[in-house]
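Subject: Structure handover

Hello,

Here is the structure you are taking over, followed by notes on what was found in it. Please read the notes with the model open.

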Amino acid sequence: MLPSYGIWLGIAFGVLSCAAYTAAAVAQRRLAVHLTEPLTGRRQIGLLLRHPLWWVSLVFNGGRAGFQVAAVGFAPLTVVQPLGVLVLVFGIPWSARLGGRGVSRAEWHGAAYTMVALGVLLAVTVTGDQGGVLSETDSTLVGSGTVLLLAGAAWLAGRVSSAAWRSYLLAGAAGVAFGVSSATVKTALWAFASWGAVAFVHPATLATPVLAVLGLFLAQAAYQGMDLGAPLGITTLANPVSAAIVGVAFMGETYSGGWLGGFIAVACALVAAHGIRLLTVVSVDSPGDTTRPPEAESHT
């Protein structure tokens with residue numbers, strides 16, 4: 001039986017969401033070329049907020065969010081979320097072209113490993129469109145716990161000597177922020193539909209913008225000293241996995257595939273890690289990356 005018209009429309013919106021997210025990531029990567037210092041002081045944050053590329057990335061991220069909401073309105077999450085791997089297909093050649101270089105063989109191999117692994121991983125871990133929402137208590141726990149986790153990751157990233165590992169931590173934290181915010185925004189939408197204006201003080205409503213803003217800053221910091229592929233791949237991996245964990249732990253969802261699915265998920269995570277490693281080697285060795293800090297040379 002062929003998919004319905006609505007599902008195809010959801011897929012179209014999902015592809016548009018991926019394209020908008022890729023454009024935002026490329027803008028953030030280009031911004032990182034201009035702002036080479038870590039975003040740890042007021043001066044760097046001020047320069048970031050005054051740069052046009054930051055606001056361009058915000059516009060594209062807003063478009064991504066809108067297209068994503070439209071996509072899940074027409075198609076189930078099991079159809080829409082695996083489309084997220086397209087950001088690597090779109091982003092790597094786009095970023096390479098803007099950097100005045102071609103896409104290397106290692107880069108293509110890394111992207112292929114990561115995309116295949118992510119596609120299979122999502123197929124066995126992401127549940128369907130059933131499940132509940134976060135309670136007020138769970139919204140407070142998940143929201144505050146995630147903020148503390150992100151703060152800890154950012155603190156640790158500021159103290160590691162390797163540019164690559166700093167990018168890993170920041171990109172992973174950004175993916176967690178985006179993934180958890182998908183659970184809080186779902187709860188917030190339910191609260192508005194059920195309670196009306198009272199939902200403005202629901203913990204999920206309060207947590208959503210905080211997580212979204214933290215995710216944007218963490219993603220921006222992850223691109224400093226690195227090319228697009230590795231941080232984008234890590235964010236793409238951490239986003240749906242963290243959303244699935246929150247769904248299973250707090251929203252009554254279940255993993256598909258049972259123990260076999262769990263084993264496949266672990267294997268796919270290892271394959272994805274290998275793919276991201278290949279992308280990282282290209283990132284820190286690329287002659288076109290003029291923002292590479294000295295510590296990145298020792299990483300290879």
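Thr235 has a relative accessibility of 3%, so Thr235 counts as buried (buried means under 20% relative accessible area, exposed over 50%, partly exposed in between, with a 1.4 Å probe and protein chains only). The model is predicted: local features need pLDDT of at least 70, side-chain atom pairs count only at pLDDT 80 or more, and totals for chains, interfaces and linings use all residues. Residues are numbered from 1 along each chain as its sequence is written, and side-chain values use heavy atoms, with hydrogens and water left out.

Thr235 sits in helix H10, residues 229–250. Helices here are DSSP runs of H or I with at least four residues, strands are runs of E with at least two, and both are numbered from the N terminus. Leaving aside residues up to four places away in sequence, Thr235 touches Tyr21, Ala171, Ala174, Gly175 and Phe178, where contact means heavy atoms within 4.5 Å. A polar atom of the Thr235 side chain lies 3.1 Å from the backbone oxygen of Ala171. Val176 is 59 residues from Thr235 along the chain, and their C-alpha atoms are separated by 7.7 Å.

H10 itself is mostly covered, with 16 of its 22 residues buried. Its end C-alpha atoms are 32 Å apart, which agrees with the 32 Å that 22 residues should span at 1.5 Å a residue; the expected span is 1.5 Å times one less than the number of residues. Just after H10, Gly252 has a positive phi of about 75°.

H8 has 33 residues and reaches 46 Å from its first C-alpha to its last, close to the 48 Å expected. Ser162 caps the N-terminal end of H8, with a side-chain oxygen 3.2 Å from the backbone nitrogen of Ala164. After H8 comes Gly196, with a positive phi near 75°.

Next, the core. The largest nonpolar core has 54 residues, of which Leu150, Leu232 and Val246 touch the most other members. A nonpolar core is a set of buried Ala, Val, Leu, Ile, Met, Phe, Trp, Tyr and Cys residues joined through side-chain atoms within 4.5 Å. Several helices supply at least two residues each to this core, among them helix H1 (5–34), helix H8 (163–195), H10 and helix H11 (258–285). The largest share, 11 residues, comes from H8. Val246 touches Leu134, Val142, Val180, Ala183 and Met251, not counting residues up to four places away in sequence.

Arg29 is in helix H1. Which is Arg29, buried or exposed? Arg29 counts as buried, because its relative accessibility is 5%. Its side chain reaches the backbone oxygen of Tyr223 at 3.1 Å.

Cys18 is buried at 6% relative accessibility, and Cys268 is buried at 10%. The structure holds 0 disulfides, a disulfide being a pair of cysteine sulfur atoms within 2.5 Å.

For the chain as a whole, the secondary structure comes to 12 helices and 0 strands. Of the 300 residues, 46% count as buried. Among contacts between residues at least 6 apart in sequence, 82% join residues at least 24 apart. The accessible surface is about 14000 Å², and 71% of that surface belongs to carbon and sulfur atoms; areas come from the Shrake-Rupley method with a 1.4 Å probe, and for residues only the protein chains shown count as cover.

Regards

Methods
Polar contact = N/O pair within 3.5 Å; in protein donor to acceptor, adjacent residues only side chain to side chain.
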